[in-house]
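Work through these exercises with the sequence and the 3D structure open. Try each task before you read its solution.

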Amino acid sequence: SLLRLAAGLLVSGGFVAAAHWALYPTDPFFVLSASCGAFAYVAVVGSSHSPIWYAGLVPLLSLLVLPNWPAYAKSLEPG
């Protein structure tokens, strides 16, 4: 069951990054992209784990990981 939790967090994190990349600059605070990630988390994990795990991932991903990832930040620049 921990494998399912890890897979859910990984897949939902990927969905957040992809949705934010697709919605940039209309989603500067990760609201819509985090919602897409929540659907991906539930699709993978189902009801076997609490959504609190996902709620802990979103601030970490949106405040620390994605803004400080050079390749991701460069891909958001126009041109």
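**Exercise 1: The loop**

Pro25 is found in the loop between H1 and H2. Helices here are DSSP runs of H or I with at least four residues, strands are E runs of at least two, and both are numbered from the N terminus. The model is predicted: local features need pLDDT of at least 70, side-chain atom pairs count only at pLDDT 80 or more, and totals for chains, interfaces and linings use all residues. Residues are numbered from 1 along each chain as its sequence is written, and side-chain values use heavy atoms, leaving out hydrogens and water.

Task: Is the peptide bond from Tyr24 to Pro25 cis or trans?

Solution. Step one: read omega, which is near 5°. Step two: name the bond; from Tyr24 to Pro25 it is cis. Step three: look along the loop between H1 and H2 to Phe30. Phi of Phe30 is near 65°, a positive value in a residue other than glycine. Most residues other than glycine have a negative phi, and most peptide bonds are trans.

**Exercise 2: Confidence**

Task: Which helix has the lowest mean pLDDT, and which the highest?

Solution. Step one: recall that pLDDT is the predictor's confidence in each residue, from 0 to 100. Step two: take the protein chain, with a mean of 90 and 100% of its residues at 70 or more. Step three: compare its elements. Helix H4 (residues 70–76) has the lowest mean, 86. Helix H2 (residues 31–45) has the highest, 94.

**Exercise 3: Helix H1**

Task: How does the span of H1 compare with the expected one?

Solution. Step one: the expected span is 1.5 Å times one less than the number of residues. Step two: H1 (residues 2–23) has 22 residues, and 32 Å is expected. Step three: from first C-alpha to last, H1 reaches 31 Å, close to that value.

Next, list its buried residues (under 20% relative accessible area; exposed is over 50%, partly exposed in between; 1.4 Å probe, protein chains only). They are Leu5, Gly8, Leu9, Ser12, Gly13, Val16, Ala17, Ala19 and His20. Their cover includes H2, H3 and H4.

**Exercise 4: Around Phe30**

Task: Is Phe30 buried or exposed? What does Phe30 contact?

Solution. Step one: Phe30 counts as buried because its relative accessible area is 10%. Step two: find contacts (heavy atoms within 4.5 Å). Beyond its neighbours within four places in sequence, Phe30 meets Val16, His20, Ser62 and Leu66.

Step three: follow His20, in helix H1. Its relative accessible area is 4%, so His20 is buried. Not counting residues up to four places away, His20 touches Asp27, Pro28, Phe30, Ser33, Tyr72 and Leu76.

Step four: follow Ser62, in helix H3. Ser62 is buried too, at 13%.

**Exercise 5: Helix H4**

Task: How many residues along the chain separate Ala73 and Trp21?

Solution. Step two: count along the chain to Trp21, which gives 52 residues. Step three: take the C-alpha distance between Ala73 and Trp21, 9.5 Å. Step four: classify Ala73. Its relative accessible area is 29%, so Ala73 is partly exposed.
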